Amino acid sequence: MKSSKRYRFTIIIPTFNRPEYLSRLLRYYNLYNSDREFKLIVADSSSDENKSRNKKTISSCSNLDILYLDNFLENTHPFNKQLFALEEVETEYC
């Protein structure tokens with residue numbers, strides 16, 4: 001979900017089978033992003049069950065602009081997810 005709004009920076013969040021951690025992190029950002037200064041990219045290589053949980057969590061964070069990338073296999077190395085996510089960054093800082 002690319003946005004035309006200009007953000008100051010992008011935060012990349014690689015995740016793998018830790019839906020509770022992702023939920024806690026996104027709730028934090030949802031509370032403290034009132035100025036909408038940043039965009040988030042979630043790169044998810046979780047199991048199908050955890051991807052489903054993560055999608056529900058992301059949909060509940062209405063104050064955030066999140067690009068959700070879930071086209072990774074479970075054995076994808078975190079660095080590969082980060083490199084792929086970097087290609088989606090449109091801000092000056094990441």
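Q: What order do the 3 strands take in the open sheet, and is the pairing parallel or antiparallel?
A: This is a predicted model. In it, 3 strands make an open sheet, ordered 1-2-3. The pairing is parallel.

Q: Which strands stand at the edges?
A: Strand 1 (9-15) and strand 3 (66-69). Each has a single partner strand, so one side of each lacks a neighbour in the sheet.

Q: How many degrees does the twist average from one strand to the next?
A: The average is 15 degrees.

Q: And how many bridges join strand 1 to strand 2?
A: 7 bridges. Strand 2 covers residues 38-44, and the two strands run parallel.

Q: Which residue of strand 2 stands opposite Ile11?
A: Leu40 does.

Q: OK, helices. What does helix 1 touch?
A: Helix 1 (residues 19-31) packs on the sheet and touches strand 1, strand 2 and strand 3. Its direction makes about 165 degrees with that of strand 1.

Q: Where does helix 2 lie?
A: Helix 2 (residues 48-59) lies across strand 1, strand 2 and strand 3. Relative to strand 3, helix 2 runs at about 170 degrees.

Q: Switching to rings. How many aromatic pairs are there?
A: The count is 4 aromatic pairs, with ring centres required to lie within 6.5 Å.

Q: Why is the pair of Tyr29 and Phe38 edge-to-face?
A: The planes of Tyr29 and Phe38 stand at 65 degrees, so the pair is edge-to-face; the cut-off for that class is over 60. Their ring centres are 5.3 Å apart.

Q: Are Tyr29 and Phe38 buried or exposed?
A: Both Tyr29 and Phe38 are buried.

Q: Which residues do ring pairs link into a cluster?
A: Phe9, Tyr28, Tyr29 and Phe38.

Q: What about Phe72 and Phe84?
A: They form an edge-to-face aromatic pair. The distance is 5.4 Å centre to centre, with 90 degrees between the planes.

Q: Which parts of the chain does that pair link?
A: Distant ones, 12 residues apart. Phe72 is in the loop between strand 3 and helix 3 (78-86), while Phe84 is in helix 3.

Q: Is Phe72 buried or exposed?
A: Phe72 has a relative accessible area of 10%, so it counts as buried; the cut-off is under 20%.

Q: And what is the relative accessible area of Phe84?
A: 30%. That makes Phe84 partly exposed.

Q: Last one. Where does the charged end of Arg18 sit?
A: Over the ring of Tyr21, 4.8 Å from the ring centre.

Methods:
Residues are numbered from 1 along each chain as its sequence is written. This is a predicted model: local features need pLDDT of at least 70, side-chain atom pairs count only at pLDDT 80 or more; totals for chains, interfaces and linings use all residues. Side-chain values use heavy atoms; hydrogens and water are left out. Two strands pair if DSSP finds at least two bridges between them. Helices (H or I, at least four residues) and strands (E, at least two) are DSSP runs, numbered from the N terminus. Axes are lines fitted to C-alpha atoms, for helices over the stretch in contact, and angles run from 0 to 180 degrees between N-to-C directions. Contact means heavy atoms within 4.5 Å. Rings of Phe, Tyr and Trp (its six-membered ring) pair if their centres lie within 6.5 Å; planes under 30 degrees apart count as stacked, over 60 as edge-to-face and the rest as tilted. Buried means under 20% relative accessible area, exposed over 50%, partly exposed in between (1.4 Å probe, protein chains only). A charge sits over a ring if NZ of Lys or CZ of Arg is within 6 Å of the ring centre and within 35 degrees of the ring normal.
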